[in-house]
Amino acid sequence: MHPMITCREFEAFIIDYLEGELPLSKRLLFKAHLAMCSECKRYLRSYHRARELGIAVFEDVGPQEPPPADVPEDLIEAIVQTCRGEGPSEG
Amino acid sequence: MHGPRLLALARAYLGAEDQAQDCLQEAMIAAYRRIDSLSEPSALFAWLRAIVINCALMRLRKRAQLKEESIEALLPNFDERDCRVEPDLGRLPTPELMLQNAQSRTMVRDAIAALPETYRVVLLLRDIEGHSTREAAQMLGIEQGAAKVRLHRARAALKKLLEPMMKKERE
């Protein structure tokens, strides 16, 4: 294996690296490339930030956002009441 | 209020608003029928969330096939020497700062919705729901290697779709 890898090869290693599945020899090449390549450093930084934004937006309750129409709130409320031990209303 | 969050979740998986609403309705009926299986009432939202996702995945499976759409245009760019061509976005603000206004949150949700379906679903299961790649692959009935490739491409595409927003929001 070549001592250095190209950015395209680095790209192919990213997911295995992040999943903790990149073999040691390739991991060293990955880190060496990352240490020297500012483009890949920038790329990984915004790759992570985009992922964080995706996660954050789904964690966000967004109380200031009006609830959309047609949400079956009555059904959800019935489930919530049942969970609180209030029991669903029969009928 | 759990409804809007659950609807947003169904919408994220299914794309179409009418399908998301039907899915949520179906999920709530399923939840109501098996309310006895909820052992810990404090975990209600997580329980409902899992039911909504199951219903969404069932709907996706019922479609003849997940829509195969090209993601090539959203993948990273390299020059003729296989060197990356990457815009300089400078210092990026924290996600909390970037998501302070409703418009930014809508932009991120829209970017996820714009991902081709086969890729979007893996990203949702892995990054948003926190399943392992192996679990996501099992849920979708695909090989783990294929799930990894789709996950990486989905993340790379999401990054590209969010670049204009990140550029605008940089410090």
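Guide: One cut-off before we start: a residue is called buried when its relative accessible area is under 20%, and exposed when that value is over 50%. Also keep in mind that this is a predicted model.

Visitor: Is Arg150(B) buried or exposed?
Guide: Arg150(B) sits in helix α8 of chain B, which covers residues 144-169. Its contacts, leaving out residues up to four places away in sequence, are Thr118(B), Tyr119(B), Val122(B) and Ile142(B). The relative accessibility of Arg150(B) is 17%, so this residue counts as buried.

Visitor: How much area do chain A and chain B bury between them?
Guide: Start with who touches whom: 48 residues of chain A are in contact with 62 residues of chain B. Carbon and sulfur atoms account for 65% of the buried area, and the total comes to about 4900 Å².

Visitor: Which residue of chain A meets Lys148(B) in a salt bridge?
Guide: The rule finds six salt bridges across the interface of chain A and chain B. In the one with Lys148(B), the N to O distance is 2.6 Å, and the partner is Glu21(A).

Visitor: Which helix gives the most to the side of chain A that touches chain B?
Guide: Three helices of chain A each supply at least two residues to that side: α1 (7-18), α3 (38-59) and α4 (73-83). With 18 residues, the one that gives the most is α3(A).

Visitor: And by class, how many nonpolar residues does that side of chain A have?
Guide: Let's go through the classes. There are five polar and 16 charged residues on the side of chain A that touches chain B, and the nonpolar ones number 27.

Definitions and conventions. Residues numbered from 1 in each chain as written. Chains lettered and ligands numbered in written order. Predicted model: local features only at pLDDT ≥ 70, side-chain atom pairs only at ≥ 80, totals over all residues. Heavy atoms only, no water. Contact = heavy atoms within 4.5 Å. Buried area = accessible area lost by both parts, 1.4 Å probe. Salt bridge = Lys/Arg side-chain N within 4 Å of Asp/Glu carboxyl O. Helix = DSSP H or I, 4+ residues; strand = E, 2+ residues; numbered from the N terminus. Nonpolar A, V, L, I, M, F, W, Y, C, P; charged D, E, K, R; others polar. Buried < 20%, exposed > 50% of the residue type's maximum accessible area, 1.4 Å probe, protein only.
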